[in-house]
Amino acid sequence: MQRKIKIFDTTLRDGEQSPGCSMNLQEKLQIAKALEVLGVDIIEAGFAITSPGDFKAVEEVSKIITNAEVASLARATIEDIDAAFSAVKNATCPRIHTFLATSDIHMKYKLHMTKQEVLDRTYEMVKYAVGKCSNVEFSAEDACRSDKDFLVAVFTNAIKAGAKVINIPDTVGYNTPDEVYEYIKYIMNNVNGIEKVTVSTHNHNDLGLAVANSIAAVNAGATQVECCINGIGERAGNASLEEIVMALKVKEKYLDVTTNIDTKKIYRTCKLVSQITGVSINPTKPIVGANAFAHEAGIHQHGVMNERSTYEIMVPEQIGVVQNDMVLGKHSGKHALKTRIEELGYTAPEDSLEDIFESFKKLADKKKVIKDADIISLVGSANINKNDKYILDKFVINSGNNITSTAILSVKTNDELIEKVALGDGPIDASFKAINMIVGDFTLIDYSIHAITDGHDAQGEAVVKLKYQNKGDIIIGRGVSTDIIEASIKAYLSAANKFVQ
């Protein structure tokens, strides 16, 4: 009988810790719903005690998710555990995920605790957490640099205290697949009561081995894998959900495992996270990269045309990349658009469909044919927060190679139109300076633009990363238009609105 591998997604917690990947509440809720539709088993919604915003996000995700467990991370302290439980208590299936470091280096330099103190704290805090919520996961931070026999003692204490899940993370991405396999096997063969709990693995990608280490852990007996969409996360990132899931699916007979993931929802979920975080997907990224199913070499092309399996171990349809037989243009109706959105694996609720359709019609006036990538972009750009403070009214740009660029921008804010004029080193710089006169002193950290589709009428997608008064968190904004200057202005205003929110 196949083992069922639970997918624990931590995009909203560990993934958001990646520099520049912070999200606002509405974006987190949007991703949480997408993860639920994707079929993940556990959504780690945040680290409740870290800030009021994180607490609110965990709390709100807990209210809207019905088909997955919702977890909050907590250090092994009473205050953290209380905050975590308060945030997830309204979930259909809440989970407290508490952790404590177990490696010698962490105990000495970070915790300033002895092994006995760590053993005692593990038992006491897991016991305390179980008193609030029966579904408790315990993680031994930096487990894969810890003494194996000490890990056995720590996990034995956690299980005695009532933990339902024990997690063995490679917190710094230090180990190889063989080493991870040995750690998991050793724990499973030596911890009393291990047969009563779920054994989990959580691997970072510092050496590029996170996915391989996760598969090795599954092969050793782990039944839960912790991962992130697109592999985002601190430093070099986390194990990539889409790569793990498709590896398990392609090698299903060899590994004799399965998951609850609807793989046809993978592509749209990865694109959504990329759009919201502003972190583009590398063309050569496995599974969802633009080149993942592309063949340029003549030998490869000839083989695929004769038989796809010659060079494709999976087909794009498996991850939700479908062929579009229906051409959409300016004469298409709302029903046709909604049908195509659903065929692409997205949902189009009535309250946002009208906005999407209006944007579709405006785009159709500029483009002869609307492609799938355009539709995905429209859905991703749907106004999920109709209370934006700053809304673009109009702009006029004067630019040339022998004149100083001038931008005149009119922005609607609080039912008032504000118009500003700025000079700059090019039309984009002038536009951003004009916006700053309206919204405040933002510093541009990064700016990029790329075409969503091919052709001279392609939409441009602009992504900006800003800091307010050159301090604090990085704020990401995204804008789309067939006019790259308009896309850039929209992106800057999007970031400003996020800051206000």
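L466 counts as buried because its relative accessibility is 0%, where buried means under 20% relative accessible area, exposed over 50% and partly exposed in between (1.4 Å probe, protein chains only). The structure is a predicted model, in which local features need pLDDT of at least 70 and side-chain atom pairs count only at pLDDT 80 or more, while totals for chains, interfaces and linings use all residues. Residues are numbered from 1 along each chain as its sequence is written, and side-chain values use heavy atoms, with hydrogens and water left out.

- L466 belongs to strand β15, which covers residues 460-468; strands (E, at least two residues) and helices (H or I, at least four) are DSSP runs, numbered from the N terminus.
- Not counting residues up to four places away in sequence, L466 touches F442, T443, L444, I445, D473, I474, I475, Y492 and A495, where contact means heavy atoms within 4.5 Å.
- Between the C-alpha atoms of L466 and N260 there is a separation of 38 Å, and the two residues are 206 residues apart along the chain.
- K465 is also placed in strand β15.
- K465 counts as buried because its relative accessibility is 17%.
- When neighbours within four places in sequence are left aside, the contacts of K465 are G278, T443, L444, I445, D446, I474, I475 and I476.
- K465 and S448 are 17 residues apart along the chain, and their C-alpha atoms are separated by 9.2 Å.

**The chain as a whole**

- The protein chain contains 18 helices and 16 strands.
- For 501 residues, a compact globule would have a radius of gyration near 23 Å, and the 24 Å of the protein chain agrees with this.
- That radius is taken over C-alpha atoms, and the globule rule is 2.2 Å times the number of residues to the power 0.38.
- The C-alpha trace of the protein chain spans about 75 × 60 × 45 Å along its principal axes.
- Of the 501 residues in the protein chain, 53% are buried.
- Among contacts between residues at least 6 apart in sequence, 66% join residues at least 24 apart.

**Surface and charge**

- The protein chain has an accessible surface of about 22300 Å², and carbon and sulfur atoms account for 50% of this surface.
- Accessible areas come from the Shrake-Rupley method with a 1.4 Å probe; for residues, only the protein chains shown count as cover.
- There are 55 positive and 66 negative side chains in the protein chain, and the centres of the two sets lie 2 Å apart.
- Lys and Arg count as positive and Asp and Glu as negative, while His and the chain ends are not counted.
- The place of a charge is taken as NZ of Lys, CZ of Arg, CG of Asp or CD of Glu.

**Strand β9: Q224**

- Q224 is part of strand β9, which covers residues 224-227.
- Q224 counts as buried because its relative accessibility is 0%.
- The side chains of Q224 and R95 are joined by a polar contact of 3.2 Å.
- A polar contact is a pair of N or O atoms within 3.5 Å; within protein, one must be able to donate a hydrogen and the other to accept it, and residues adjacent in sequence count only if both atoms are side-chain atoms.
- Residues up to four places away in sequence aside, Q224 touches K6, F8, I42, R95, E137, V165, T198, V199, S200 and T201.

**Loop residues with positive phi**

- Most residues other than glycine have a negative phi.
- D142 has a phi near 60°, a positive value in a residue other than glycine.
- D142 sits in the loop between β6 (136-141) and α7 (148-160), and D142 counts as buried because its relative accessibility is 1%.
- D256 likewise has a positive phi, near 60°.
- D256 sits in the loop between α11 (252-255) and β10 (257-258), and D256 is partly exposed, with a relative accessible area of 36%.

**Two exposed residues**

- S280 is found in the loop between α12 (266-277) and α13 (298-306), and S280 is exposed, with a relative accessible area of 58%.
- S280 and S448 are 168 residues apart along the chain, and 9.9 Å separates their C-alpha atoms.
- K362 belongs to helix α15, which covers residues 350-364, and K362 is exposed, with a relative accessible area of 52%.
- K362 and E226 are 136 residues apart along the chain, and 42 Å separates their C-alpha atoms.
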